[in-house]
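Where does the ligand sit, and what lines the spaces inside this protein? The report below takes up these points in turn.

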Amino acid sequence: MKQRAGAPVSLFAELDRDDGSPLYRRAYRRIREMILRGALLPGSRLPSTRSLAGDIAVSRNTVEAAFAHLEADGFITRRVGSGTFVAASLPGLLAGGERGPGRKTSKRPKATLLTRPSGNDALSSRGRIMAVAGPSADADSDATFGVCRPSLDTFPLPLWNRLAARRGRRLGDTLLDECDAAGLGDLRSAIAEYLNAARGVRCSAGQVIVVTSTQQALDLIARVLIDAHDEIMVEEPCYAGATAAFRNAGARLVPVRVDEHGLDVEHGAGISPTARLCYVTPSHQFPLGVTMTLARRLALLAWAERARAWIVEDDYDSEFRYTGHPLAALQGLDEHARVLYVGTFNKVMFPALRLAYLIVPLDLVDPFSNAREWLDGFTAAGMQAVMADFMRRGHFVQHIRRMRAIYHERRDALCAAVERHAGDRVRLGPADGGMHVVGWLPRRTDVTQLRRRVAQRDMYLRDVAVYYASRPPQPGVLLNFASATPAAIDRGVAAVSRLIG
Ligand SMILES: Cc1ncc(COP(=O)(O)O)c(C=O)c1O
């Protein structure tokens with residue numbers, strides 16, 4: 001496949017200005033190196049001299065001179081009216097010594113095939129860890145029971161569009177310019193206010209770092225607080241996004257069992273007393289759905305204080321609780337500033353929003369804001385502003401209330417359908433909150449085969465085994481009830497139950 005013209009522009013921007021040689025020669029070397037490295041593929045089109053000159057801040061004449069030498073050396077061809085292209089048949093890799101512009105050798109080095117390491121060979125050791133496909137790689141987002149799928153057809157789109165349009169009309173300098181790496185002030189204070197009131201989080205707006213996703217928050221935490229080989233306690237089973245973030249940082253993961261009280265802190269402290277961090281989902285354990293008891297929460301905080309370790313509280317889908325009272329966030333019980341709290345709007349609102357938040361202890365605000373800036377600057381300000389308006393005008397709390405009622409009805413439909421169609425074979429896990437329930441299947445079930453067969457019927461079942469470091473206690477699948485109507489849920493459960501046998 002050919003590269004798009006101008007696609008690798010950022011690579012051109014790395015032109016080295018400090019080696020004292022003429023600019024055209026450095027431009028020549030840079031482009032030639034990219035061709036030899038395979039970053040510019042044979043036959044691909046180069047940007048125009050004008051755009052390239054702009055990107056590397058030199059004159060067009062300089063780029064013209066570099067192109068002339070590259071053409072003379074056979075690296076590129078220029079076609080009047082259609083542009084400049086990397087030569088389809090390359091002169092081959094240079095053997096020894098540099099051949100600068102204008103210094104043609106009478107004897108060309110023997111043409112070698114341009115061999116570019118491919119697949120995993122091309123990757124760094126960190127890249128090899130990161131490039132592994134996650135459990136979402138095979139997910140069909142439209143399929144019934146698709147994991148972590150909110151209901152999109154019930155989202156108040158006209159209202160959102162009105163707020164976005166109003167913001168658009170009032171786009172002043174503040175929204176066009178650079179934004180604080182920690183986020184837009186309006187949104188940070190709306191988040192702090194909401195979390196204090198609704199989740200018992202104790203924080204000021206200054207402790208809020210706006211990010212694009214839970215995933216970015218976890219990645220940031222891993223970069224700022226974790227060294228390679230550090231031990232990290234994770235729940236067994238654990239959210240795959242969390243294990244990936246810590247594994248990518250080179251950490252050693254220590255899975256700690258989860259029972260009906262949540263993470264077994266005593267067990268964790270026994271097998272990893274010097275862990276640097278513990279990742280937990282106390283409100284609604286992902287994926288099992290249990291709520292961590294107050295006794296366990298206090299034990300975890302006490303361990304963190306003793307071990308000088310961090311706790312990362314992922315409060316994912318805590319907004320949706322259907323029975324009993326939700327326990328307030330663990331962060332609110334923390335007297336020693338050991339907890340980093342993570343929440344996301346990407347499921348409560350809609351996945352394409354890309355807004356989430358991280359609440360850090362006061363003395364970590366500057367390190368995290370600076371790290372966020374190095375990572376990718378800041379989160380797009382326009383969406384932050386619309387979200388802030390949505391919250392400030394009371395729509396967010398109202399939206400959660402409405403979605404909770406809708407999901408409650410769907411949760412009830414799922415439980416009733418399982419009881420009706422498969423009550424003798426499927427045991428449901430805790431269903432007090434969230435957007436899915438684990439369905440535990442008969443021991444003889446071949447989950448891989450079941451998943452394949454339901455996929456042919458436009459349904460998606462996630463194997464609970466993907467979240468376990470060891471084997472799950474028995475076969476099980478995640479049944480998402482949030483994104484399907486009660487009628488579709490009933491049909492889906494009936495179809496799955498026929499396949500379970
Ligand atoms: C435990 C948990 N945290 C976070 C997320 C997602 O958050 P985000 O989309 O903001 O990365 C999910 C699922 O998508 C999840 O299961």
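What follows covers the ligand site, then the pockets, then the cavities of this predicted model.

## Ligand shell

The ligand sits in the largest pocket. Its surroundings are Cys148, Ser213, Thr214, Gln215, Tyr239, Tyr279, Phe286, Asp314, Tyr316, Thr344, Asn346 and Lys347. By class, this shell holds five nonpolar, five polar and two charged residues.

## Polar contacts and burial

The ligand taken alone exposes 400 Å², and the protein buries 94% of that.

## The largest pocket

The pocket that holds the ligand has a volume of about 620 Å³. It is lined by 28 residues. Ser136, Val147, Cys148, Tyr239 and Lys347 lie nearest its centre. Two elements give two or more residues to this lining: α9 (214–225) and α10 (240–248).

The lining of the largest pocket divides into 11 nonpolar, 11 polar and six charged residues.

About 470 Å³ of space lies in the second largest pocket. Its lining has 25 residues, with Ala240, Gly241, Thr243, Ala244 and Arg247 nearest the centre. The elements that give two or more residues are α5 (125–130), α9, β4 (231–236), α10 and β5 (252–259).

Which element gives the most to the lining of the second largest pocket? It is α10, with seven residues. By class, the lining of this pocket has 16 nonpolar, five polar and four charged residues. Both α9 and α10 are also named for the lining of the largest pocket.

## The largest cavity

How many cavities of 30 Å³ or more does a search of the whole structure find? The search finds two. The largest cavity contains about 90 Å³ of space. It is lined by 13 residues, and those nearest its centre are Val426, Leu479, Val493, Val496 and Ile500.

Three elements each supply at least two residues of this lining: α15 (395–422), β14 (476–480) and α17 (486–500). Helix α17 gives the most, with four residues. The lining of the largest cavity comprises 11 nonpolar and two polar residues, with no charged ones.

## The second largest cavity

The second largest cavity has a volume of about 50 Å³. Its lining consists of Ser283, His284, Asp317, Ser318, Phe320, Arg321, Pro326, Leu327, Gly433 and Gly434. These residues divide into three nonpolar, five polar and two charged. Here the lining includes charged residues, whereas the lining of the largest cavity has none.

Definitions and conventions:
Residues numbered from 1 in each chain as written. Predicted model: local features only at pLDDT ≥ 70, side-chain atom pairs only at ≥ 80, totals over all residues. Heavy atoms only, no water. Near = heavy atom within 4 Å. Areas by Shrake-Rupley, 256 points an atom, 1.4 Å probe, with all protein chains shown as cover. 1 Å grid on protein atoms, 1.4 Å probe; cavity = no way out; pocket = protein on both sides within 12 Å on 5 of 7 lines; lining within 4 Å. Sits in = over half its atoms within 2 Å of the grid points. Nonpolar A, V, L, I, M, F, W, Y, C, P; charged D, E, K, R; others polar. Points joined across faces, edges and corners; volume = space filled by probe spheres on them.
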